[in-house]
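Student: I'd like to learn how to read the inside of a model like this one. Can we go through it together, feature by feature?

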Amino acid sequence: MPFALVALAVGAFGIGTAEFVMMGVLPQAAAELGVSIPTAGNLISGYALGVVVGAPALTLLGARLSRKTMLVLTMSMFTAGNALFALAPSAGVGVFFRFLTGLPHGAFFGAGAVVAATMAGPGNRAKAVSMMFMGLTLANVVGVPLGTLLGQQFGWRATFAVVAVIGMAGVAAIARLVPDQGRPVAGQSAVLEQLAAFRSPQVWLALAIVTFGLGGTFAVLSYLTPILTDVSGYSPTGVTVLLALAGLGMTAGNFLGGRIADKAVMPGVYAALVGVAAVLGLFTFTSGNKVAAAVTVFAIGAVGFMVAPIMQALVMDKAGGAPSLVSAALQSAFNIANSIGAYAGGLVIAHGLGLLAPNLVGVALAAIGIALAATLGTVDRKRPEVARPEPVPAPVRPLPQPVPA
């Protein structure tokens, strides 16, 4: 595998830390900004909304740029957004800065997924994409727990200042290690070609599967810290360890999902979504026991993030010859899932249904995802499969040898 994937993984690590560490420092941010936990959940939803808007918009605006240039620009925007958020004077301004930080997220992963798949070549595309996303999952093993601990000791602002530094490292790594990819075909035809992929009902169904299937996972993950402290009885330090355990589960799920996606995409989708529904329902009963809760937290991370590389491979298959915009749209779907999950979980808590109510919301959303996957399977059997896109031209200069996320 190309060593340049490390640079993409560094960028993914920074993005993953910024996105998910908010869940770990949510109580500290709520207390300092003078708002309730459900209201502070808007800091999660605001970022997700930025991804939803920015993924297609920046991808289309950057259609004439080389993918390497796109990666550098989006990572620079991400870095600036985190620096601004660390200085936010109020919750409202913080939500706005989180929105700005989320704008480049989808465009970065959309371009990065295509670059990773191109460098790896046929037969290894999903594995290469999963290696890039390994940075995202490792963020949950290292970045989120350490960022949470940093926030507990020095305040949530220190956490996001460090995230901005990680973003700067990502910019430098991409500029140094990722080879030039050349410019895509410029002009209106390139944009129309990207948009044409959305004529496929399979593409829309795949995006909907992600939105609802992963929405269930985020309904629980968004409020995992208060659940573990108030229901499971963990101390704040213990929660840091549990967040690392969830990250290990995400890493394992991402690794397994990448290998499943190269062999059996739709069976993998069904298995992952059924697993999400099962473990979220189980968490309602296991959260009261420390050991059982810890095991379930690992399982939630594993089955939830097994979905990511599988769905990435699926939508690239359905996109035909225009994978960049569809890959970016997938990031929008992931973050609509994040936003829906955080909102729905906060809503049931705010209405007095308790901290375990988001588990049942998660089961319901995952069940919708399963139904949509079954619909996609039916459509696939009735419609001819879209041709798998040919890899884009090879890099213009040799890659460092030897040849994550």
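**Reading the inside of a predicted model**

Tutor: Helices here are DSSP runs (H or I, at least four residues; strands are E, at least two), numbered from the N terminus. This is a predicted model, where local features need pLDDT of at least 70 and side-chain atom pairs count only at pLDDT 80 or more, while totals for chains, interfaces and linings use all residues. Residues are numbered from 1 along each chain as its sequence is written, and side-chain values use heavy atoms, with hydrogens and water left out.

Student: Is Thr-225 buried or exposed?

Tutor: Buried means under 20% relative accessible area, exposed over 50%, and partly exposed in between (1.4 Å probe, protein chains only). Thr-225 has a relative accessible area of 8%, so Thr-225 is buried.

Student: And which residues is Thr-225 in contact with, leaving aside its neighbours within four places in sequence?

Tutor: Contact means heavy atoms within 4.5 Å. With those sequence neighbours set aside, Thr-225 touches Met-23, Gly-24, Pro-27, Val-239 and Leu-243.

Student: How do I read a cavity?

Tutor: Rolling a probe the size of a water molecule over the atoms shows where empty space is left. On a 1 Å grid over the protein atoms alone, a cavity is a set of points where a 1.4 Å probe fits but cannot get out, and lining residues have an atom within 4 Å of a point. Grid points are joined across faces, edges and corners, and the volume is the space filled by probe spheres set on the points. Here the largest cavity has a volume of about 120 Å³.

Student: Which residues line the largest cavity?

Tutor: Its lining includes Glu-19, Phe-20, His-105, Phe-133, Phe-218, Gln-331 and Asn-335. Two or more lining residues come from each of α1 (5–24), α7 (125–154), α10 (201–221), α14 (290–318) and α15 (323–350). The largest share, three residues, is from α15.

Student: How do the residues of that lining divide by class?

Tutor: The classes go like this: Ala, Val, Leu, Ile, Met, Phe, Trp, Tyr, Cys and Pro count as nonpolar, Asp, Glu, Lys and Arg as charged, and the others, Gly among them, as polar. For the largest cavity that gives eight nonpolar, three polar and one charged.

Student: What volume does the second largest cavity have?

Tutor: About 110 Å³. Thr-225 turns up in its lining, and so do Phe-20, Met-23, Asn-140, Leu-243 and Gly-247, among others. At least two lining residues each come from α1, α7, α11 (224–230) and α12 (236–261), and α12 gives the largest share, four residues. By class, the lining of the second largest cavity has eight nonpolar, three polar and no charged residues.

Student: How should I look at aromatic rings?

Tutor: A pair of aromatic rings is described by the distance of the centres and the angle of the planes. Rings of Phe, Tyr and Trp (its six-membered ring) pair if their centres lie within 6.5 Å; planes under 30 degrees apart count as stacked, over 60 as edge-to-face and the rest as tilted. The structure has six aromatic pairs. In one of these, Phe-20 and Phe-218 have ring centres 5.9 Å apart and planes at 10°, so the pair is stacked.

Student: Why does the pair of Phe-20 and Phe-218 tie together parts that are apart in sequence?

Tutor: Because Phe-20 is in helix α1 and Phe-218 in helix α10, the pair joins parts 198 residues apart in sequence. Both Phe-20 and Phe-218 are buried. Compare Phe-85 and Phe-160, an edge-to-face pair at 4.7 Å centre to centre with 85° between the planes. Phe-85 and Phe-160 are both buried too, and ring pairs link Phe-85, Trp-156 and Phe-160 into a cluster.

Student: What about the nonpolar core?

Tutor: A nonpolar core is a set of buried Ala, Val, Leu, Ile, Met, Phe, Trp, Tyr and Cys residues joined through side-chain atoms within 4.5 Å. The largest one has 115 residues, of which Leu-8, Met-22, Val-269, Phe-283 and Met-311 touch the most other members. Its largest share, 14 residues, comes from α14. Beyond four places in sequence, Met-311 is in contact with Ala-206, Ile-209, Val-210, Val-269 and Leu-330. A second, separate core of six residues includes Ala-219, Ala-344, Val-361 and Leu-365.

Notes:
1 Å grid on protein atoms, 1.4 Å probe; cavity = no way out; pocket = protein on both sides within 12 Å on 5 of 7 lines; lining within 4 Å.
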